[in-house]
Amino acid sequence: MRAAVLNEARSPMTIDELTVADPGPGEALVKVIAAGVCHSDLHFIEGTYPARMPTVLGHEVAGVVQEVGPGVTNVQAGNRVIIGFVQPCGHCEFCDAGRPNLCAVGGGVRDLRNDPALLRGDDPVTAMTNVGGFAELSLTPASGLLKIPDAVGMDVAALVGCSVMTGYGAVVNTAKVEPGTTVAVIGTGGVGLNIIQAARLAGARRIIAVDIAEHKLQYARDFGATDGVDATAGDPVQQVHELTGGGVDYAFEAIGLKQTAEQTYGMARRGGTAVIVGMVPPADQIEVSGMIWLEEKTLKGSFYGSGRFHTDMPRILDLYLAGKLDLEGLVSKRFPLDEINEAFDALRSNEVARSVLEIGAE
Ligand code: APR
Ligand code: ZN
Ligand code: ZN
């Protein structure tokens, strides 16, 4: 099968012929139909997060199950699925506590060092989050798969697999935004737009979008932002304080930078909450004022929307089918797999809301 391989950080991916193993116990082989181009992939391309190379990125994916391995009961060949990028074990302390996104085991049973899922010639190739969606096939633990109704298109389903779950979940699960509150979102890309539309759905009375690109602020308004702050036109924290008379109840970071994470904390009012969604580099320290105690502020992280995937993803799809979440409007460009490097250039230059690679046909 053909796949986009990242050979080293800060270099273009190459489209190569790989062999994929047969599904082992607990695994499924999925024909990839659509894969979103997400900033999380870009963090690995740019080397701000480490990956074992060569690797196939792509974690925002939907496809059709081709074949399942021994013991798989939740899906079968022919099912249309979202490929989740966390594969919960279902029985660890976190899974048991209803926090499968934090699953302590995950990842299936394959011994990837001795029995790789992917080979290029004789050399093993890793797959991001056991998905490796920038490829014609994904061999993945079946516990990460979610069946989807026929009415949902594959590009929309792919986005639910990362940016929608991440943004919606940050609002509904992590922050638990209440009706009538105020919200700020720094970074209005694929994830940020979903934070905005979930905040609208949650009944926030004011939703302030903060970005450095004017056309991104326009997208943000289309998805429910009530105000736009141009972060290049003066200190964005001060601008948000002026707009709200002292800060917002909930502020979200959806870029992955130390500076904007600290700005998010600064935008939260007394008693408010700052939620870090973006992948801030692991070596960075986020610094907040020692006065956190007096101001009773909360700083929290949000991973994969604190998702309970079998509850949240069907709800998200129902909200979309009922016209309450705009998922089609997120896709502003489509590329074939061969143009993956151009797709990442478009993400890097902040040109797109979200782009999707159309890899296979149903
Ligand atoms: N201040 C404000 N906005 C900024 C800044 C800045 N300093 N730098 C970049 N931006 C804006 C960009 O213009 C863009 O609209 O942040 C947005 C980022 O959007 P995307 O690149 O589409 O990123 P996305 O895929 O949404 O991911 C955001 O969430 O899941 C994580 O790993 C992901 O860290 C990433 C973050
Ligand atoms: Zn993602
Ligand atoms: Zn678990």
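Guide: We begin with burial. A residue is called buried under 20% relative accessible area, exposed over 50%, and partly exposed in between, with a 1.4 Å probe and protein chains only. His59 has 1% relative accessibility and therefore counts as buried. Cys38, at 2% relative accessibility, also counts as buried. The model is predicted: local features need pLDDT of at least 70, side-chain atom pairs count only at pLDDT 80 or more, and totals for chains, interfaces and linings use all residues. Residues are numbered from 1 along each chain as its sequence is written, chains are lettered from A and ligands numbered from 1 in the order in which they are written, and side-chain values use heavy atoms, with hydrogens and water left out.

Visitor: Which residues coordinate the zinc ion (ligand 2)?

Guide: Donors are N, O and S atoms within 2.8 Å of the metal (3.2 Å for Na, K and Ca); water is not among the atoms, so sites may look incomplete. Here Cys38 (SG), His59 (NE2) and Cys162 (SG) coordinate the zinc ion, at 2.0 to 2.2 Å. Their spacing in sequence is C-x20-H-x102-C. Cys38 lies in the loop between β4 (27–37) and α1, and His59, 21 residues apart from it, in the loop between β5 (55–56) and β6 (61–68); the pair links distant parts of the chain. Such helices (H or I, at least four residues) and strands (E, at least two) are DSSP runs, numbered from the N terminus.

Visitor: Which residues come nearest to ligand 1?

Guide: A residue is near a molecule or strand if one of its heavy atoms lies within 4 Å of it. Of the 23 residues around ligand 1, the nearest are His39, Ser40, Asp211, Ile255 and Arg354.

Visitor: Which polar side-chain atom lies 2.7 Å from an oxygen atom of ligand 1?

Guide: A polar contact is a pair of N or O atoms within 3.5 Å; within protein, one must be able to donate a hydrogen and the other to accept it, and residues adjacent in sequence count only if both atoms are side-chain atoms. The atom in question belongs to Arg354. For the side chain of His39, the distance from an N or O atom to an oxygen atom of ligand 1 is 2.5 Å; for that of Ser40, the distance is 2.6 Å.

Visitor: Which elements give two or more residues to the shell around ligand 1?

Guide: They are α1 (39–45) and α4 (190–202). The most comes from α1, with 3 residues.
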